[in-house]
Structure formats: C-alpha cells, structure tokens
Amino acid sequence: MKYGKIWGATRPLLQTPFVEVHHIEISKDGQCSYHQHLHKWNMFYVIKGNLEIRVTKNKYALEDITYLTDGEYTTVSPTEKHYFKAVSDVEALEIYYPEPLSEDILRENVGRIVKDSYSLGKAKSSRGSLEEAYTKEMK
C-alpha cells in the first residue's frame, strides 16, 4: 500500500517484529521531520537520486551530514535525532531494525577445556581461586 507524505510517498514492503523495509520516493527539496527512533536503527539505501542525511550526534556536539547517491547507504543509530532532504528526486529503501542482539555479551574471561572439574573445585579452597588453579594446572 502506498502512503502519501508531504515530501513524497512511502510503501511498506516488509514489516516484521525484527525488520521493516519501506520503498520511499522523495520529491526534490522534500524533507522529513526532525525526529529520532528510541530502539531502532534507521538505514537509508539510495536506488536513484541524491539524498542528504543530517544526524545530531549523541556522543559529541556535532551535526553529521552525509550525501548519498545511487547504490550508497548510511545508518542512523537509535536515539540520534535526524532528518533527510532530497537534493534531487530520490528513490530509496528505508530499513528499520532493532539494536543487534549479537553484541550484548560482556565476557569476564575466555572459554576453556577443564580436564578435571572436581580437582579444580577442590583447589579453590586449598590453593586460591579457580582461575589460579586453572593457570597452575595448565603449566
């Protein structure tokens, strides 16, 4: 279904809980609202035309300006305020996706093969920590 916008039109192509893909057409000089997404990344892939993306960075006082043309793309992080403006008539894909789950792990140490977990557990009480016991055991 096609939805009219003041700056052009958008057509949702795919909408799932994990990704949304919209085909957008932006008229020359068309500009969207200045906004942010709280939990979603916002990616712009230009099929045809020239698109300007302005992003107010959260980590430092700066507005980044990215100019895209045919075959180029950029992403905007969640919570970063942004807007786009068409330098020419633009055909693009706008893709939304959540913060990746794959980067949510903070490791305290590395995995290993433990030859005798009983002796390592026993070593904790008599020789210090498991980490120290492991280091001694591997030498």
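## A charge over a ring

In this predicted model, the charged end of K40 is placed over the ring of Y96, at 4.8 Å from the centre of that ring.

## Aromatic pairs

Where rings of Phe, Tyr and Trp count as a pair if their centres lie within 6.5 Å, the structure has four aromatic pairs. One of them joins Y34 and Y83 in an edge-to-face arrangement, with 6.2 Å from centre to centre and 75° between the planes. This pair links distant parts of the chain, since Y34 belongs to the loop between β3 (20-26) and β4 (40-48), while Y83 belongs to strand β8 (residues 81-86), and the two are 49 residues apart. Y34 has a relative accessibility of 45% and therefore counts as partly exposed, whereas Y83, with a relative accessible area of 16%, is buried.

W41 and Y97 also form an aromatic pair, and here the rings are stacked, with 6.1 Å from centre to centre and 0° between the planes. Because W41 lies in strand β4 and Y97 in strand β9 (residues 90-98), the pair ties together parts that are 56 residues apart in sequence. Y97, at 25% relative accessibility, counts as partly exposed.

## An aromatic cluster

Three residues, W7, F44 and F84, come together as one aromatic cluster.

How values were computed:
Residues numbered from 1 in each chain as written. Predicted model: local features only at pLDDT ≥ 70, side-chain atom pairs only at ≥ 80, totals over all residues. Heavy atoms only, no water. Phe/Tyr/Trp six-rings, centres within 6.5 Å; stacked < 30°, edge-to-face > 60°. Helix = DSSP H or I, 4+ residues; strand = E, 2+ residues; numbered from the N terminus. Buried < 20%, exposed > 50% of the residue type's maximum accessible area, 1.4 Å probe, protein only. Lys NZ or Arg CZ within 6 Å of the ring centre and 35° of its normal.
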